[in-house]
Amino acid sequence: MPRRLRRTLQLAATTALVVTAATACNAAAKNEASDSASGGSGKTFTLVTPDAVGQNEFLKLAVSGIKDAAKRHDGSQKVYESTDTASQQQNVQAAVEAQPDVIVLVGFEFADLVAQQAEKNPKQQFLIVDACTTKTYENVSCAVFREHEGVYLAGAEAGLLSKSGKVGAVDVLDTPQFRRYSDPFAAGAKKVAAKTETSTRFVGGQSPFDDSARAKEQANTLLSKGYDQIMAAAAAGNYGVFEAAKAKGAFAYGVDVNQCVSAPGTVVDNVIKRTDVAVDKGIDAVLAGKTGTTVSYGLKEGGISLTGLEDGVESSKCVIADHKDVLKKVEALRDQIVAGKLTVDDPAAS
C-alpha cells in the first residue's frame, strides 16, 4: 500500500496541528521532477507530491487536476515527485525558485515547509491540499475535505445491506478527528434502518496507522458479535480488516481511493477524496484573488464522493455495483445533503 494511503487518516488530525519541522534545502531533487508543460503562454503551475505518483490513485487525481488547470488557462505545469523528507524539502525549494503562478502541494508533510517559504516569499502563491498551516498567510490557500459526508453515505449503504442489523467500524484512534470516519457511518446506517446496532473498535497501540494485525483483531471482535458491515478506517490496517471480513463472509468499506480492487467481493464501496477537484478549483480561486483562505470540499463541491456514485462503477470490482436499488436510495440522500436539507454532524467540529 502506498505511503499516502498508509498515513492518510493522519490528515484528519494534522489539518489543525503543526507536524514535524523541516528546513528547505537549496539543491533541487534530481530525477524527481516530471515536466509536462502544455506549451501555452499563460499561467504556470507546479505540483509537489509527498510520494512518487506511480499507481497511487490519490496522487494521480492531483496530477489530473493540475493538468486540467493548465489546459484551461492556456498555461504549463510541472510535477515534482518526492520520495522522502529530503526530496520533499528539495522539491519545494526548486518550485519556489522557479516562481510559478501557483505552487500546489498535497499533504500534511508540507505544512511547515510552506509556512517557512510563505514568510520568505510573500509574493509566491501556495495551495495546500488535504492539510493546512496552523498560521494564516495571505499567500497560502488551503483545500480540505468534509470526509464525514461521504462516510455517512457509506453508512447508509451498510444499513441497507446488513442482514444482521449490526454495522461497525474499525478506526485508528478514539479522538473527535478520527471519529469523522466512524460516527457518521453509524449515523448513516441508522438513518435508513433505525434499529441498526452500531459499534466502533479502535486500533490504538504503538503504531495505529500501520498495524494490520491489530486492525484485523478489532475487526474480528466485531465479526464475532455478528457485525456484517464494517467501515475500514485504519489506514494501512485496512488490509487486515478486509482479510477478516473476507474470512467471515462479511463486507467492508474503504477510504480515499478505490480499495475494492484489493479485496473484490468483500469491499462494498469507498469514500473517495477528489484531489483533482480540489486542485483545479483551488487554482481558480487563487488566480481570482481569493487567497489566504481555507476552502472545504464535500459532496456539494464534488470533492467527496463514493466509488458507487462515480462513472465506471460497473468495472470497479465494488460489491455495490450489484445493488442498483441501494445506490438510488444513497443518491437521494446525497442530493438532500447537497441541497442543504440534510446535515451530517461533524465529530471534529468545535
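Trainee: Is C260 buried or exposed?
Mentor: A residue counts as buried under 20% relative accessible area, as exposed over 50%, and as partly exposed in between, with a 1.4 Å probe and protein chains only. The relative accessibility of C260 is 0%, so C260 is buried.

Trainee: Before we go on, what kind of model is this?
Mentor: Residues are numbered from 1 along each chain as its sequence is written, and side-chain values use heavy atoms, with hydrogens and water left out. Local features need pLDDT of at least 70 and side-chain atom pairs count only at pLDDT 80 or more, whereas totals for chains, interfaces and linings use all residues, since the model is predicted.

Trainee: Which residue is joined to C260 by a disulfide?
Mentor: A disulfide is a pair of cysteine sulfur atoms within 2.5 Å. The sulfur of C260 lies 2.0 Å from that of its partner, and this partner is C318.

Trainee: How many residues apart are C260 and C318?
Mentor: Helices (H or I, at least four residues) and strands (E, at least two) are DSSP runs, numbered from the N terminus. C260 sits in the loop between β10 (251-256) and β11 (267-273), while C318 sits in the loop between β13 (304-306) and α11 (324-338).

Trainee: What is the relative accessible area of C318?
Mentor: C318 falls in the buried class. Its relative accessible area is 4%.

Trainee: What is the torsion about the S-S bond of C260 and C318?
Mentor: The disulfide of C260 and C318 is right-handed, which follows from its torsion. That torsion is about 100°.

Trainee: Which residue forms a disulfide with C132?
Mentor: C132 lies in the loop between β5 (125-129) and β6 (140-145), and its partner lies in strand β6, 10 residues apart. The two sulfur atoms are 2.1 Å apart, and the link is right-handed, with 70° about the S-S bond.

Trainee: What pattern do the disulfides of the protein chain follow?
Mentor: A search of the whole structure finds two disulfides. With bonded cysteines counted along the chain, the pattern is 1-2, 3-4.

Trainee: As background, what percentage of the residues of the protein chain count as buried?
Mentor: The secondary structure of the protein chain comes to 11 helices and 13 strands. Of its 350 residues, the part that counts as buried is 55%.
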